[in-house]
Amino acid sequence: MRRTWLAGVPLLGLILAGCTGSGSTPSGESYRTTVSAPGTPSASPTAAVGAGWNAWTASYSAAEGRCEATAHQVVCRTGSGGFVGRSRSTGQVTWSVPPADRGKDADLVVDPATERAVTSSGKTLRAVNLRTGRVAWTRPLTDASIPAVLGAADGTVYAVENPDVNERGITLAAFRMSDGESLWSRTFHADSYGGVAAFGGRVYTTDGTKVTARDARTGDAVATTPKGVECANLISGGHYLVCTGSPYSAGDVFPPLQRLDPVTLRPMKTAEDTGDKPERGVISSDGVLVLFEAGAEDTSAGSWNAYDLVHPKRLWSYYDTTEEGELAGDRFVTFTPGNDAAVRDRVISIDLRAGPKGTGDAAPRMSPRYSQARDGEGPRLVVPGGDPDHVVVQAGTHRSLRSIPLP
């Protein structure tokens with residue numbers, strides 16, 4: 001069963017582009033540590049601490065929520081606009097920013113290029129300097145009825161302030177990530193379930209059918225999809241833009257997978273999908289889309305299907321019980337099926353091109369079993385940027401972070 005990490009957060013998501021371990025790994029039942037509160041260091045489980053990523057386990061407090069990672073650290077948000085930074089070598093808390101004001105919390109966005117992490121609470125957008133652990137800037141938002149949905153691309157943070165509440169439309173605001181300067185704000189109709197994508201100097205929205213591209217510098221509309229193109233949901237990665245059916249649809253029939261030209265928004269030749277319900281997808285920099293597709297009546301299990309967007313074809317399929325999956329270099333990383341006793345409670349990495357039937361260096365690789373990867377923990381993956389040699393498993397039920405070598 002999948003766990004919803006962002007309860008209370010609007011369903012309109014921002015999908016943003018471009019932004020081998022050695023030694024033995026402890027079993028999933030050992031090396032438990034605790035953190036009593038944000039800002040209180042945890043005892044490190046790591047025997048040998050180096051300059052880079054190490055294997056470690058640390059509990060996290062009830063105040064901490066979703067975590068992300070850069071090549072240098074793990075960053076978690078806390079309630080009411082607070083942050084916690086953790087060492088990549090030990091998992092210990094290295095800095096914390098206390099909560100700001102009471103209000104509904106947004107998600108966390110981390111931008112390594114500008115060394116900023118951003119979240120919002122109530123009517124306040126707040127950024128922290130990742131290097132110093134100090135508040136970098138705060139900015140007011142116009143609507144606090146629903147938490148802002150945040151994302152970053154090209155040195156800009158975007159906030160969707162009121163996603164289609166009572167058909168008012170959404171307000172999409174852009175702020176410079178480094179200092180919080182307001183760049184522009186636009187209110188327009190968009191489907192609150194359709195997603196927003198930002199890359200290459202443009203921001204893309206859909207109203208459930210038509211896609212609109214806006215200039216990232218001004219917010220002005222610069223292109224729309226031709227008539228007849230149906231786009232319920234946007235997925236982006238690298239410099240690729242893809243339309244799928246909505247993961248929130250209650251129907252049994254879904255629009256076909258469709259790649260769009262990001263400049264003209266005209267449809268491009270695209271591989272035929274399975275016809276199942278698309279739940280979540282990621283796209284690599286060289287144009288491999290890995291899409292979790294499940295049956296419309298039961299989305300608790302399905303398959304990760306890989307599609308080559310450049311030479312349109314389906315590459316491979318992997319049965320799974322989770323839509324938690326991320327990209328790490330040239331491999332796709334996910335959890336093994338929770339209903340398969342032979343392999344469950346593990347992390348698996350799969351070569352993007354060769355798939356689960358790859359051989360030699362391209363063969364799939366599985367981690368040892370970890371308690372944090374159990375299906376009942378509602379685990380998610382936190383992948384550092386670049387070409388990481390470690391990934392972090394965030395377990396939600398027993399609130400544990402575990403850094404492990406990338407299988």
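Are cysteine 67 and cysteine 76 buried or exposed? Cysteine 67 is buried, and cysteine 76 is buried as well. Here buried means under 20% relative accessible area, exposed means over 50%, and partly exposed is in between, with a 1.4 Å probe and protein chains only.

Before I go on, a note on the source. This is a predicted model, where local features need pLDDT of at least 70, side-chain atom pairs count only at pLDDT 80 or more, and totals for chains, interfaces and linings use all residues. Residues are numbered from 1 along each chain as its sequence is written, and side-chain values use heavy atoms, with hydrogens and water left out.

Back to the cysteines. A disulfide is a covalent bond between the sulfur atoms of two cysteines. The rule used here is a pair of cysteine sulfur atoms within 2.5 Å, and by that rule the count is 2 disulfides. Cysteine 67 and cysteine 76 form one of them, with sulfur atoms 2.0 Å apart. That link is right-handed, with 100 degrees about the S-S bond.

Cysteine 231 is joined to cysteine 243, S to S 2.1 Å. This link is left-handed, at -95 degrees about the S-S bond. Cysteine 231 lies in the loop between strand S18 (221–224) and strand S19 (233–237), and cysteine 243 in strand S20 (residues 240–244), so the pair ties together parts that are 12 residues apart in sequence. Strands (E, at least two residues) are DSSP runs, numbered from the N terminus. Both cysteine 231 and cysteine 243 are buried. With bonded cysteines counted along the chain, the pattern is 1-2, 3-4.

Next, a sheet. Strands of a sheet pair through backbone hydrogen bonds, either parallel or antiparallel. Two strands count as paired if DSSP finds at least two bridges between them. An open sheet is formed by 4 strands in the order S7-S8-S9-S10, with antiparallel pairing. Strand S7 (109–111) and strand S10 (135–140) are the edges, each pairing on one side only. Between S9 and S10 there are 5 bridges, and alanine 127 stands opposite tryptophan 137 in S10.

Last, the core. A nonpolar core is a set of buried Ala, Val, Leu, Ile, Met, Phe, Trp, Tyr and Cys residues joined through side-chain atoms within 4.5 Å. The largest one has 14 residues, and those with the most contacts inside it include Val118, Leu125 and Trp137. Strands S9, S11, S12 and S13 each give two or more residues to this core. Where contact means heavy atoms within 4.5 Å, valine 118 touches, among others beyond four places in sequence, Ala127, Trp137 and Met177.
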